[in-house]
Amino acid sequence: NGDAVTGQGDSGRLESIRTIEAQGSVAIEQVDRVVRAERLESDPLNGVTRLSGSAEVELPGAFIFGDSIETRPGQAVAKGNGDSNRAKMILLNTGALGIGGPSQLSEETLVLADTIMVQEDPLQYVFIFKGQVEVLSGGLAQQSEMLTVYSRKGAGKSRDKAQDPVAEVTQMVAEGSVRIERDGQQARAEKVCYDPLRETAELTGTPEFSDGDSTIS
């Protein structure tokens, strides 16, 4: 879909199309995702698609937004455009991450970063965030240099938020000068491994935890 679509090829044959361009409220619907943007440039022969202008990818259990997004088979990279327009992802149904006990997170977790990479295989999605990563979820806020999120694919196909999620976050790993704040509690470490399903978090690399009255290091 789009207000304007053009293609370039040889002899008018579909299999020879080298470039496809679309502009104006572009939407691509696939089995397990929806892609939206104001402009699309596609290279069908190499499987490369470039999206720009309020680009968005909707995946099971996640939404990705960027100033520009480039997709290839099994991979997508979203980039922001400066501090005021960073790449971001909204994760649904992440559950409690377990900093000092159940953290009572909201159903939505917002992640901001300079670059977001999505890698996909038949069993899972892997989301890699780089560059001034910020996580906001309920009363929890985290900063780090890098964050990796592992999301297991489900059997369902529904995008209805009221139903069971079709993708489930199984692990989150934050690395590089990690700082966490939650309800007056603070933690620092070089690496934090979250297990959302067990509601636990393991801090390593000179970890320090403070609840305002005492500090453990």
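Mentor: Let us begin with Ser54, which counts as exposed because its relative accessibility of 63% lies over the 50% limit for that class. Everything that follows describes a predicted model, and the values should be read with that in mind. Ser54 belongs to strand 4, and its backbone deserves attention, for its phi is near 55°, a positive value in a residue other than glycine. Ser25 gives a second case, with a positive phi of about 50° although it is not a glycine either. Ser25 is found in strand 2, and with a relative accessible area of 48% it is partly exposed, whereas Ser54 at 63% counts as exposed.

Glu58 forms a salt bridge with Arg36, and the closest N and O atoms are 3.6 Å apart. Because Glu58 lies in strand 4 (residues 48–59) and Arg36 in strand 3, this pair ties together parts that are 22 residues apart in sequence. The two partners fall into separate classes of accessibility: Glu58 is buried, with a relative accessible area of 11%, while Arg36 counts as partly exposed at 33%.

Arg50 lies in strand 4 and Glu70 in strand 5 (residues 62–72), so here the parts tied together are 20 residues apart in sequence. Both partners are partly exposed, Arg50 with a relative accessible area of 40% and Glu70 with one of 26%. Salt bridges that share partners also join Glu21, Arg39 and Glu41 into one network.

The side chains of Arg33 and Glu120 meet in a salt bridge, with 2.8 Å from N to O. Arg33 lies in the loop between strand 2 (19–29) and strand 3 (34–43), and Glu120 in strand 9 (residues 115–120), so this pair ties together parts that are 87 residues apart in sequence. Arg33 counts as buried at 18% relative accessibility, whereas Glu120, at 24%, counts as partly exposed. These pairs belong to a set of twelve salt bridges found in a search of the whole structure.

To set this part in its context, the protein has zero helices and 16 strands. Among contacts with a separation of 6 or more, 41% are accounted for by residues 24 or more positions apart. The protein exposes about 11800 Å², of which carbon and sulfur atoms supply 45%.

One last feature lies in another stretch of the chain. A search of the whole structure finds one cavity of 30 Å³ or more, and the volume of the largest cavity is about 30 Å³. Its lining consists of Arg179, Ile180, Glu181, Gln186, Ala187 and Arg188. Strand 12 (167–182) and strand 13 (185–195) each contribute at least two residues to that lining, and by class the lining comprises two nonpolar, one polar and three charged residues.

Terms used
Residues numbered from 1 in each chain as written. Predicted model: local features only at pLDDT ≥ 70, side-chain atom pairs only at ≥ 80, totals over all residues. Heavy atoms only, no water. Helix = DSSP H or I, 4+ residues; strand = E, 2+ residues; numbered from the N terminus. Contact = heavy atoms within 4.5 Å. Areas by Shrake-Rupley, 256 points an atom, 1.4 Å probe, with all protein chains shown as cover. 1 Å grid on protein atoms, 1.4 Å probe; cavity = no way out; pocket = protein on both sides within 12 Å on 5 of 7 lines; lining within 4 Å. Points joined across faces, edges and corners; volume = space filled by probe spheres on them. Nonpolar A, V, L, I, M, F, W, Y, C, P; charged D, E, K, R; others polar. Salt bridge = Lys/Arg side-chain N within 4 Å of Asp/Glu carboxyl O. Buried < 20%, exposed > 50% of the residue type's maximum accessible area, 1.4 Å probe, protein only.
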